[in-house]
Amino acid sequence: LSRITSNRAHKNLALSFRDMPGSEKKRIVTVPPLLRPEVFRIEPTKGDYIHGYMLNAGYFEEVSKWHEKHPETPLRFFWDKSNADEVTTIDENFILHRLNDDLFLQSMAGCMGYATTSGFESLCEALYYRKPTLMIPVHVEQEFNAYDAGLSGVGVPGKKFNLNKLIAFIPSYAPDENFRDWVHQAEERFIREIIG
(Lines give C-alpha, C1' and ligand atoms only; values in the text may rest on other atoms or scores of the structure.)
Protein backbone atom coordinates (compact mmCIF):
# COMPACT_ATOMS: atom_id res chain seq x y z
CA LEU A 1 0.00 0.00 0.00
CA SER A 2 2.81 2.41 0.85
CA ARG A 3 4.53 1.62 -2.43
CA ILE A 4 1.37 2.30 -4.45
CA THR A 5 0.48 5.57 -2.70
CA SER A 6 4.03 6.92 -2.80
CA ASN A 7 4.96 5.74 -6.29
CA ARG A 8 5.57 9.26 -7.63
CA ALA A 9 7.10 10.66 -4.44
CA HIS A 10 10.59 12.10 -4.67
CA LYS A 11 11.37 10.87 -1.16
CA ASN A 12 9.60 8.68 1.42
CA LEU A 13 9.97 9.65 5.07
CA ALA A 14 9.55 6.53 7.20
CA LEU A 15 8.62 7.11 10.85
CA SER A 16 10.68 4.81 13.04
CA PHE A 17 11.16 3.89 16.69
CA ARG A 18 14.91 4.26 16.18
CA ASP A 19 17.53 5.69 13.84
CA MET A 20 18.10 3.15 11.08
CA PRO A 21 19.66 3.36 7.64
CA GLY A 22 17.20 4.19 4.88
CA SER A 23 17.48 3.16 1.25
CA GLU A 24 18.70 5.62 -1.34
CA LYS A 25 17.67 3.23 -4.12
CA LYS A 26 14.09 3.04 -2.78
CA ARG A 27 14.06 6.75 -1.82
CA ILE A 28 13.40 5.93 1.86
CA VAL A 29 14.70 8.10 4.69
CA THR A 30 14.16 7.08 8.31
CA VAL A 31 12.87 9.88 10.55
CA PRO A 32 11.77 10.15 14.21
CA PRO A 33 8.11 9.83 15.18
CA LEU A 34 6.06 13.00 15.41
CA LEU A 35 4.63 13.20 18.93
CA ARG A 36 1.99 15.75 19.85
CA PRO A 37 3.32 18.75 21.82
CA GLU A 38 1.28 17.81 24.92
CA VAL A 39 3.53 14.76 25.43
CA PHE A 40 6.52 17.01 26.18
CA ARG A 41 4.65 19.06 28.80
CA ILE A 42 3.98 16.11 31.11
CA GLU A 43 6.65 14.72 33.40
CA PRO A 44 6.23 10.95 33.88
CA THR A 45 5.92 9.48 37.37
CA LYS A 46 5.73 5.92 38.65
CA GLY A 47 2.20 5.07 39.70
CA ASP A 48 0.58 1.95 41.13
CA TYR A 49 -2.04 1.33 38.43
CA ILE A 50 -2.22 -0.19 34.96
CA HIS A 51 -3.24 2.26 32.26
CA GLY A 52 -4.96 0.79 29.23
CA TYR A 53 -6.65 1.43 25.92
CA MET A 54 -9.35 -0.82 24.48
CA LEU A 55 -9.99 -0.21 20.80
CA ASN A 56 -13.45 -1.68 21.12
CA ALA A 57 -15.81 -2.58 23.93
CA GLY A 58 -15.34 -6.29 23.17
CA TYR A 59 -12.08 -6.23 25.14
CA PHE A 60 -14.01 -5.11 28.21
CA GLU A 61 -14.93 -8.72 29.02
CA GLU A 62 -11.29 -9.84 28.92
CA VAL A 63 -10.20 -7.03 31.22
CA SER A 64 -13.19 -7.57 33.54
CA LYS A 65 -12.41 -11.28 33.89
CA TRP A 66 -8.80 -10.49 34.73
CA HIS A 67 -9.91 -7.86 37.25
CA GLU A 68 -12.24 -10.34 38.97
CA LYS A 69 -9.22 -12.55 39.67
CA HIS A 70 -6.96 -9.63 40.65
CA PRO A 71 -9.20 -6.99 42.27
CA GLU A 72 -6.29 -5.53 44.23
CA THR A 73 -4.59 -4.13 41.09
CA PRO A 74 -5.87 -0.67 40.13
CA LEU A 75 -6.90 -0.34 36.47
CA ARG A 76 -7.55 2.88 34.55
CA PHE A 77 -8.72 2.05 31.06
CA PHE A 78 -9.88 4.19 28.16
CA TRP A 79 -12.29 3.02 25.47
CA ASP A 80 -14.08 4.26 22.36
CA LYS A 81 -17.58 3.29 23.50
CA SER A 82 -19.59 6.23 22.16
CA ASN A 83 -22.65 5.85 24.39
CA ALA A 84 -20.63 5.39 27.61
CA ASP A 85 -20.47 7.99 30.37
CA GLU A 86 -17.33 10.11 30.60
CA VAL A 87 -16.32 7.94 33.55
CA THR A 88 -17.63 4.46 34.33
CA THR A 89 -16.64 3.17 37.76
CA ILE A 90 -16.82 -0.62 38.00
CA ASP A 91 -15.36 -0.49 41.51
CA GLU A 92 -12.69 1.49 43.35
CA ASN A 93 -9.90 -0.31 41.44
CA PHE A 94 -11.42 -0.45 37.94
CA ILE A 95 -12.32 2.80 36.23
CA LEU A 96 -13.15 3.28 32.55
CA HIS A 97 -12.88 6.64 30.79
CA ARG A 98 -14.33 7.58 27.46
CA LEU A 99 -11.40 8.58 25.23
CA ASN A 100 -10.03 12.01 26.14
CA ASP A 101 -6.61 12.96 24.76
CA ASP A 102 -5.38 15.08 27.69
CA LEU A 103 -6.60 12.74 30.41
CA PHE A 104 -5.23 9.77 28.45
CA LEU A 105 -1.70 11.23 28.38
CA GLN A 106 -1.85 12.22 32.06
CA SER A 107 -2.90 8.68 32.95
CA MET A 108 -0.19 7.11 30.79
CA ALA A 109 2.49 9.34 32.30
CA GLY A 110 1.55 8.26 35.82
CA CYS A 111 1.05 4.52 35.39
CA MET A 112 3.23 1.54 36.25
CA GLY A 113 2.44 -0.19 32.95
CA TYR A 114 0.35 0.18 29.81
CA ALA A 115 -1.86 -2.36 28.03
CA THR A 116 -2.96 -1.50 24.50
CA THR A 117 -3.69 -2.45 20.97
CA SER A 118 -0.53 -1.59 19.07
CA GLY A 119 -1.05 1.80 17.48
CA PHE A 120 2.25 3.41 16.49
CA GLU A 121 1.64 6.77 18.17
CA SER A 122 0.64 5.44 21.59
CA LEU A 123 3.55 2.96 21.59
CA CYS A 124 5.89 5.89 20.92
CA GLU A 125 4.29 7.86 23.75
CA ALA A 126 4.71 4.89 26.09
CA LEU A 127 8.37 4.57 25.13
CA TYR A 128 8.90 8.31 25.58
CA TYR A 129 7.45 8.06 29.10
CA ARG A 130 9.41 4.83 29.70
CA LYS A 131 6.31 2.79 30.44
CA PRO A 132 6.43 -1.01 30.06
CA THR A 133 3.74 -2.05 27.62
CA LEU A 134 1.61 -5.09 26.78
CA MET A 135 0.88 -4.91 23.04
CA ILE A 136 -2.22 -6.68 21.68
CA PRO A 137 -2.30 -6.12 17.89
CA VAL A 138 -5.74 -5.99 16.27
CA HIS A 139 -4.67 -6.10 12.59
CA VAL A 140 -1.59 -6.72 10.47
CA GLU A 141 -0.23 -3.15 10.63
CA GLN A 142 -0.31 -3.35 14.41
CA GLU A 143 1.46 -6.73 14.27
CA PHE A 144 4.34 -4.93 12.52
CA ASN A 145 4.21 -2.11 15.09
CA ALA A 146 4.37 -4.57 17.99
CA TYR A 147 7.29 -6.48 16.48
CA ASP A 148 9.26 -3.31 15.72
CA ALA A 149 8.42 -1.73 19.08
CA GLY A 150 9.63 -4.90 20.80
CA LEU A 151 13.05 -4.39 19.17
CA SER A 152 13.22 -1.00 20.90
CA GLY A 153 12.23 -2.47 24.26
CA VAL A 154 8.72 -1.00 24.39
CA GLY A 155 7.18 -4.13 25.79
CA VAL A 156 5.84 -7.61 25.18
CA PRO A 157 3.29 -8.81 22.64
CA GLY A 158 0.14 -10.66 23.61
CA LYS A 159 -2.95 -12.17 22.03
CA LYS A 160 -5.33 -10.86 24.68
CA PHE A 161 -5.47 -8.57 27.69
CA ASN A 162 -3.66 -10.94 30.05
CA LEU A 163 -2.28 -8.32 32.41
CA ASN A 164 -0.23 -10.96 34.28
CA LYS A 165 2.12 -10.92 31.29
CA LEU A 166 2.60 -7.15 31.67
CA ILE A 167 3.13 -7.34 35.43
CA ALA A 168 5.72 -10.12 34.98
CA PHE A 169 7.52 -7.99 32.37
CA ILE A 170 7.75 -4.77 34.43
CA PRO A 171 10.83 -5.78 36.54
CA SER A 172 12.88 -6.58 33.42
CA TYR A 173 11.76 -3.55 31.40
CA ALA A 174 14.72 -2.03 29.55
CA PRO A 175 13.63 0.65 27.05
CA ASP A 176 15.81 2.13 24.32
CA GLU A 177 17.66 4.90 26.17
CA ASN A 178 18.28 6.76 22.90
CA PHE A 179 14.58 7.09 22.05
CA ARG A 180 14.01 10.48 23.70
CA ASP A 181 17.01 12.00 21.90
CA TRP A 182 15.75 10.48 18.64
CA VAL A 183 12.29 12.04 19.15
CA HIS A 184 13.81 15.45 19.92
CA GLN A 185 15.56 15.42 16.53
CA ALA A 186 12.23 15.21 14.65
CA GLU A 187 11.80 18.87 13.69
CA GLU A 188 15.40 19.29 12.54
CA ARG A 189 15.36 16.05 10.54
CA PHE A 190 12.04 16.75 8.84
CA ILE A 191 13.10 20.27 7.84
CA ARG A 192 16.41 18.95 6.51
CA GLU A 193 14.71 16.24 4.44
CA ILE A 194 11.98 18.50 3.08
CA ILE A 195 14.36 21.31 2.12
CA GLY A 196 17.24 19.09 0.99
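**View 1. Glu24 in the loop between β1 and β2.** Glu24 belongs to the loop that joins β1 (12-15) and β2 (28-31) of this predicted model. Helices (H or I, at least four residues) and strands (E, at least two) are DSSP runs, numbered from the N terminus. Glu24 counts as exposed because its relative accessibility is 80%; buried means under 20% relative accessible area, exposed over 50%, and partly exposed in between (1.4 Å probe, protein chains only). Asn12 is twelve residues from Glu24 along the chain, and their C-alpha atoms are 10.0 Å apart. Residues are numbered from 1 along each chain as its sequence is written, and side-chain values use heavy atoms, without hydrogens and water. In this predicted model, local features need pLDDT of at least 70 and side-chain atom pairs count only at pLDDT 80 or more, while totals for chains, interfaces and linings use all residues.

**View 2. Confidence along the chain.** pLDDT is the predictor's confidence in each residue, from 0 to 100. Its mean over the protein is 93, and 99% of the residues reach 70 or more.

**View 3. Helix α3 and Ser107.** Helix α3 covers residues 101-109, and its buried residues are Phe104, Leu105, Ser107, Met108 and Ala109. These buried residues pack against β3 (50-54), β4 (75-79), β7 (113-116) and α4 (120-128). At the start of α3, a side-chain oxygen of Asn100 comes to within 3.1 Å of the backbone nitrogen of Asp102. Ser107 has a relative accessible area of 5%. Apart from neighbours within four places in sequence, Ser107 is in contact (heavy atoms within 4.5 Å) with Tyr49, His51, Arg76 and Phe78.

**View 4. Two aromatic pairs.** The whole structure holds twelve aromatic pairs. Rings of Phe, Tyr and Trp (its six-membered ring) pair if their centres lie within 6.5 Å; planes under 30 degrees apart count as stacked, over 60 as edge-to-face and the rest as tilted. Phe40 and Tyr128 form an edge-to-face pair, because their ring centres are 5.3 Å apart and their planes are at 80°. This pair links distant parts of the chain, with Phe40 in the loop between β2 and β3 and Tyr128 in helix α4, 88 residues apart. Phe40 is partly exposed at 38% relative accessible area, whereas Tyr128 is buried at 5%. The rings of Phe60 and Trp79 are tilted, with centres 5.5 Å apart and planes at 45°. Phe60 lies in helix α2 (residues 59-69) and Trp79 in strand β4, 19 residues apart.

**View 5. Arginines over tyrosine rings.** A charge sits over a ring if NZ of Lys or CZ of Arg is within 6 Å of the ring centre and within 35 degrees of the ring normal. Arg76 lies over the face of Tyr49, 3.8 Å from the ring centre. Over the ring of Tyr128 sits the charged end of Arg180, 4.1 Å from the centre.

**View 6. The largest nonpolar core.** A nonpolar core is a set of buried Ala, Val, Leu, Ile, Met, Phe, Trp, Tyr and Cys residues joined through side-chain atoms within 4.5 Å. The largest one has 46 residues, of which Met54, Leu75, Phe77, Tyr129, Phe161, Leu163 and Phe179 touch the most other members. Helix α4 gives the most to this core, five residues. Beyond its neighbours within four places in sequence, Tyr129 has contacts that include Leu105, Met108, Ala109 and Arg180.

Key. A polar contact is a pair of N or O atoms within 3.5 Å; within protein, one must be able to donate a hydrogen and the other to accept it, and residues adjacent in sequence count only if both atoms are side-chain atoms.
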